[in-house]
Amino acid sequence: MSIAAWQRASLPMLVLSVLAVAPRHGYGISQALVSAGLQPIKGAQLYPALVRLEDEGAIVAQWEQSESGPARKVYELTAEGHTLREDLLEQWRAFMTAAEAVGRAQ
């Protein structure tokens with residue numbers, strides 16, 4: 001599995017983790033992922049994930065006027081989003097621990 005595939009599979013956890021630091025618009029989320037060493041994410045992957053997280057109540061969005069361009073939607077983590085993020089991170093850690101144990105056994 002490629003890094004891009006792992007990134008797609010873990011995208012909700014990654015987005016929630018970015019938003020746990022500060023509210024951001026979609027491009028800002030993408031840039032934060034790239035700054036962390038991940039690959040650029042396509043809008044066709046990011047925006048549907050944001051819609052799902054918003055539908056689940058994990059994030060909320062507000063339109064923000066831009067001085068240099070069109071208005072942008074800024075996303076912010078909710079209390080439910082913090083809980084979901086913690087659950088996803090715990091599941092990820094459990095998976096990584098198990099995967100590393102399998103790798104050491106060989």
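Which residues of the largest nonpolar core touch the most other members? Of its 18 residues, they are Val15, Leu19, Ile29, Leu33, Leu50 and Ile59. A nonpolar core is a set of buried Ala, Val, Leu, Ile, Met, Phe, Trp, Tyr and Cys residues joined through side-chain atoms within 4.5 Å. This is a predicted model: local features need pLDDT of at least 70, side-chain atom pairs count only at pLDDT 80 or more, and totals for chains, interfaces and linings use all residues. Residues are numbered from 1 along each chain as its sequence is written, and side-chain values use heavy atoms, with hydrogens and water left out.

**Overall layout**
- The protein chain has five helices and three strands; these are DSSP runs numbered from the N terminus, with at least four residues (H or I) for a helix and at least two (E) for a strand.
- From the N terminus on, the order is α-α-β-α-α-β-β-α.
- The C-alpha trace spans about 55 × 25 × 20 Å along its principal axes.
- Of the 106 residues, 29% are buried, meaning under 20% relative accessible area with a 1.4 Å probe, protein chains only.

- H2, helix H3 (26–35), helix H4 (43–55) and E3 each give two or more residues to the core.
- H2 provides the largest share, six residues.
- Leu50 is in contact with Val15, Gly26, Ile29, Ile59 and Tyr75, leaving aside neighbours within four places in sequence; contact means heavy atoms within 4.5 Å.
- In soluble globular proteins, nonpolar side chains tend to be buried together.

**Sheet**
- Three strands form an open antiparallel sheet in the order E1-E3-E2; strands pair if DSSP finds at least two bridges between them.
- Strand E1 (24–25) and strand E2 (59–64) are the edges, each pairing on one side only.
- E1 joins strand E3 (residues 72–77) over two bridges.
- Arg24 stands opposite Tyr75 in E3.
- Helix H2 (residues 11–21) packs on the sheet and touches E1, E2 and E3.
- The direction of H2 makes about 90 degrees with that of E3; axes are lines fitted to C-alpha atoms, for helices over the stretch in contact, and angles run from 0 to 180 degrees between N-to-C directions.

**Helix H5**
- H5 (residues 79–105) has 27 residues and reaches 39 Å from its first C-alpha to its last, close to the 39 Å expected at 1.5 Å a residue; the expected span is 1.5 Å times one less than the number of residues.
- Gly81, Arg85 and Leu89 are buried in H5.
- H2 and E3 are among what covers the buried residues of H5.

Terms used
Buried means under 20% relative accessible area, exposed over 50%, partly exposed in between (1.4 Å probe, protein chains only).
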